[in-house]
Amino acid sequence: MTTALITGSTAGLGAAFARRLAADGHDLVLVARDTKRLREQATELHDRHGIEAEVLTADLSTDVGIDTVTARLGARRNPVDLLINNAGFGNKGRFLDVPMTDELTMLKVHCEAVLRLTSAAVEAMRERGRGGVVNVASVAAFVPRGTYGASKAWVVQFTQGVAKDLAGSGVRLMALAPGFVRTEFHERAGMGTDSIPNWMWLDADKVVAAGLADLARGKSLSIPDPRYKTLMGAAKLVPRGLLGGITSRTGRKYGPR
Ligand SMILES: NC(=O)c1ccc[n+]([C@@H]2O[C@H](COP(=O)([O-])OP(=O)(O)OC[C@H]3O[C@@H](n4cnc5c(N)ncnc54)[C@H](OP(=O)(O)O)[C@@H]3O)[C@@H](O)[C@H]2O)c1
């Protein structure tokens with residue numbers, strides 16, 4: 001029996017990871033801010049799949065929250081074999097429309113928490129000679145898209161760099177970069193989605209299945225859909241200045257998260 005710790009487990013992609021990993025027989029450590037929702041999720045997954053699901057309430061935009069999760073990742077009892085750094089959010093609006101405190105909170109959750117949780121997990125995993133880390137990024141990492149895109153670009157670069165450093169250690173790291181996924185993300189951020197064409201939406205369960213298959217194949221970056229793989233391939237050929245204009249016209253309100 002192995003144990004997976006998922007941040008942002010109660011909704012969207014995190015909940016899809018929890019469903020899939022529980023169905024595969026993994027025990028879980030579920031992390032988010034809403035304790036009631038976490039407890040309900042833990043009970044449901046335990047009843048349905050017979051796995052153990054621990055609840056860890058933590059706000060990853062605070063040092064206390066990050067410390068709580070790093071302590072669990074370093075624990076020798078029921079060690080964590082797989083870490084899914086998934087918690088994240090969007091801010092509505094372009095640069096200067098978004099309050100600086102919200103920009104800084106995003107960097108804390110998307111970058112500092114991911115850095116510190118990955119470090120704690122990987123240290124313990126390397127000692128045991130096995131383990132995995134999935135850091136949820138976004139295709140927004142590959143286009144000029146303000147603080148959100150920049151934070152996800154950091155996630156991709158950081159993860160692929162550490163994956164290289166730890167090659168041969170038995171510990172795998174992978175950045176997962178989906179396009180638009182139907183979750184609570186856009187509603188929570190107050191972003192409209194009417195202008196996003198249907199074909200651009202991905203299903204969270206399919207994203208998770210493709211991502212875990214890529215992790216098993218040893219990839220350090222997963223773009224879990226052929227449509228987005230093609231789009232991101234094409235984006236590499238377009239000059240960044242022009243790409244900035246296109247993604248800006250698409251609107252920060254709607255662009256790939
Ligand atoms: N949806 C998309 O189109 C899309 C596309 C590409 C990448 N992503 C990325 O996928 C990841 C998951 O997003 P989602 O779409 O599944 O979002 P979601 O449905 O809004 O779920 C977000 C989850 O993160 C938790 N969370 C948020 N802030 C937190 C904090 N400060 N501390 C701890 N937990 C926190 C939430 O629970 P609580 O509120 O209870 O804390 C919730 O469980 C994010 O990193 C996002 O950037 C999303």
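I counted salt bridges and got 17 in the structure. My criterion was a side-chain nitrogen of Lys or Arg within 4 Å of a carboxyl oxygen of Asp or Glu. This is a predicted model, where local features need pLDDT of at least 70, side-chain atom pairs count only at pLDDT 80 or more, and totals for chains, interfaces and linings use all residues. Residues are numbered from 1 along each chain as its sequence is written, and side-chain values use heavy atoms, with hydrogens and water left out.

Entry one. I looked up Arg116 and found its side chain in a salt bridge with Asp63, at 3.3 Å from N to O. The two sit 53 residues apart and link distant parts of the chain: Asp63 lies in helix H3 (residues 63-74), Arg116 in helix H4 (residues 100-128). Helices here are DSSP runs of H or I, at least four residues, numbered from the N terminus.

I then checked accessibility. Buried means under 20% relative accessible area, exposed over 50%, partly exposed in between (1.4 Å probe, protein chains only). Arg116 is partly exposed at 25%. Asp63 is partly exposed at 41%.

Entry two. I read 3.1 Å, N to O, for the salt bridge of Arg188 with Glu184. Arg188 is exposed at 54%, while Glu184 is partly exposed at 28%.

Which residue forms a salt bridge with Asp214? I found Arg217, with the closest N and O atoms 2.5 Å apart. Asp214 is buried at 4%, whereas Arg217 is exposed at 59%.

Last, I noted a network: salt bridges with shared partners join Asp63, Asp67, Lys108, Glu112 and Arg116.
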